[in-house]
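Please look through the sequence and the model below, and then follow the explanation one part at a time.

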Amino acid sequence: ARRAGIELAAGRRVLAALPLLMQTAADPDATIATASFKALGDLAGEQEVPAMIGLLMKTPATGAAEAALSSVCARLSQPVAGNVVIQKAHYGDLPDGRSADVTEKIAGMVKGGALSILASNRVFGDPAPGRVKKLRVEYTANGHAVTRTVQENETVAFGVAAAPPAVIDALCAALAPSSGPAKLALLRVLSSAGGPKALAAIRAAAADTEAEVRETALRALCDWDSADALPDLSQLARTTPDKKWKILALRGQLRLIPQQEASPEQKLAALKEAMALIERTEEKRLALAALGEIPTAESLAIVVPFLSADGLKEEAGIAAVAIAEKIVGRHPAEVAEAMRHVTTSNKKLAQRAR
């Protein structure tokens, strides 16, 4: 009955229940505590965050407390900078299968204040039944062209968002004296909060002498949502003796480099540096996808040798055609020569190459 009351308060958004939810979140009954934290994640605001941090520091339901704080941070996040203009968006069996033009829908969502969009049938319908879909969005942020492609059930975030400064300050203040599971949870919540101060705290924790703290912070760096973490990832990929962290750092770089607000030449220079460290086919595929988002003759020239590489021909073909379609007007000879080397069983991709 108590759990039902908690769930009803959350479902009806009864904000007057917040003080009682703070009490029930400390209940020794794990079922009651977990339900309370879930309700707090849905209802709590900035003023409840310090008390929720206090609960996290002492509750055995650390996972539920962490999820609640992360939910509040995500809800309170606002863009710290950036004017986002949606240019083109498609959802479906990309790049060459059935898809739907969702430009107008996403533009309306962003205009309405959405910081991120979930690529799902629930949001966009199902233009390609039975196929794993992708969402591709082309937009400008502060005048810089950005292209993002995410898999179905992944999220594309626009610009850089962060929780309010007071929330991040409270999390950072609690991090220093914390230990054990609470410290690890706070690091993950800071990753959800975002922003320069949260990144600085995670960067410091990545040098911690305690292995679990260090690993949690390193994973947060590798999963960071904004290009602010690129210098850290570049250094980690170049210097770590641990193959796992080198791979994760490289993957983070390949994901973030196309997103950064920089010229195509700067992005390409960063990609070339990362590619020099790549050893596995899996990361080469990610690098080709990143190159496909940089429309220059030089990026096309880098892709061309991969058009005949075993295990990479398809990804290289997709990247080469994506670049070619954007630069053919300026570099027709280079494009024509590159397209002669595209070999694919995908009829639509082959037609685009022709």
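Is Lys246 buried or exposed? The model is a predicted one, and in it Lys246 has a relative accessible area of 18%, so this lysine is buried. The cut-off that matters here is 20%, because a residue under that value counts as buried. Lys246 lies in helix α13, which covers residues 243–256. Leaving out residues up to four places away in sequence, Lys246 touches Ala237, Thr240, Leu277 and Glu279. Thr62 is 184 residues from Lys246 in sequence, and the two C-alpha atoms are 30 Å apart in space.

Now take the chain as a whole. The protein chain contains 19 helices and 8 strands. Its C-alpha trace spans about 70 × 45 × 35 Å along the principal axes. A compact globule of 354 residues would have a radius of gyration near 20 Å, and the 23 Å of this chain agrees with that. Of the 354 residues, 47% are buried. The contacts can also be sorted by separation along the sequence. Among contacts between residues at least 6 apart in sequence, 63% join residues at least 24 apart.

How many aromatic pairs does a search of the whole structure find? The search finds 1. The pair is formed by Tyr91 and Phe124, with 5.3 Å from centre to centre and 40° between the planes, and it is tilted. Tyr91 belongs to strand β2 (residues 84–92) and Phe124 to helix α7 (residues 121–124), so the pair ties together parts that are 33 residues apart in sequence. Both partners can be checked for burial. Tyr91 has 0% relative accessibility and therefore counts as buried. Phe124 is buried too, with a relative accessible area of 12%.

Next comes a pair of helices. Two packed helices are described by the angle between their axes and the distance between the axes. Helix α9 covers residues 180–193 and helix α10 covers residues 196–205; their axes come within 9 Å and cross at roughly 145°. The crossing in which α9 passes α10 is left-handed. Which residues make the contact? From α9 they are Leu187, Leu190 and Ser191, and from α10 they are Ala198, Ala201, Ile202 and Ala205. Sorted by class, this contact of α9 with α10 has 6 nonpolar residues, 1 polar residue and no charged residues.

Leu171 can be followed from here. Leu171 is found in helix α8, residues 165–175. Its relative accessibility is 0%, so Leu171 counts as buried. Not counting residues up to four places away in sequence, Leu171 touches Ile53, Cys73, Leu186, Val189, Leu190 and Ala193. One of these, Leu190, is also among the α9 residues in the contact with α10. Ala201 of α10 takes part in that contact as well. Leu171 and Ala201 are 30 residues apart in sequence, with their C-alpha atoms 9.7 Å apart in space.

With 0% relative accessibility, Val72 counts as buried. Its contacts, leaving aside neighbours within four places in sequence, are Leu40, Gly41, Ala44, Gly45, Val49 and Met52. Arg352 is 280 residues from Val72 along the chain, and the C-alpha atoms of the two are separated by 45 Å.

Two details of the backbone remain. The peptide bond from Leu94 to Pro95 is cis, and its omega is near 10°. Pro95 is placed in the loop between β2 and β3 (99–101). Arg13 lies in the loop between α1 (2–11) and α2 (18–24). At 47% relative accessibility, Arg13 counts as partly exposed.

Where does Glu282 lie? Glu282 is in helix α15, residues 281–291. Its relative accessibility is 36%, so Glu282 counts as partly exposed. Lys272 is 10 residues from Glu282 along the chain, and their C-alpha atoms are separated by 16 Å.

How values were computed
Residues numbered from 1 in each chain as written. Predicted model: local features only at pLDDT ≥ 70, side-chain atom pairs only at ≥ 80, totals over all residues. Heavy atoms only, no water. Phe/Tyr/Trp six-rings, centres within 6.5 Å; stacked < 30°, edge-to-face > 60°. Helix = DSSP H or I, 4+ residues; strand = E, 2+ residues; numbered from the N terminus. Buried < 20%, exposed > 50% of the residue type's maximum accessible area, 1.4 Å probe, protein only. Axes fitted to C-alpha atoms, helices over the stretch in contact; angles between N-to-C directions. Left-handed = near helix turned anticlockwise from the far one by under 90°. Contact = heavy atoms within 4.5 Å. Nonpolar A, V, L, I, M, F, W, Y, C, P; charged D, E, K, R; others polar. Rg over C-alpha atoms; globule rule 2.2 N^0.38 Å.
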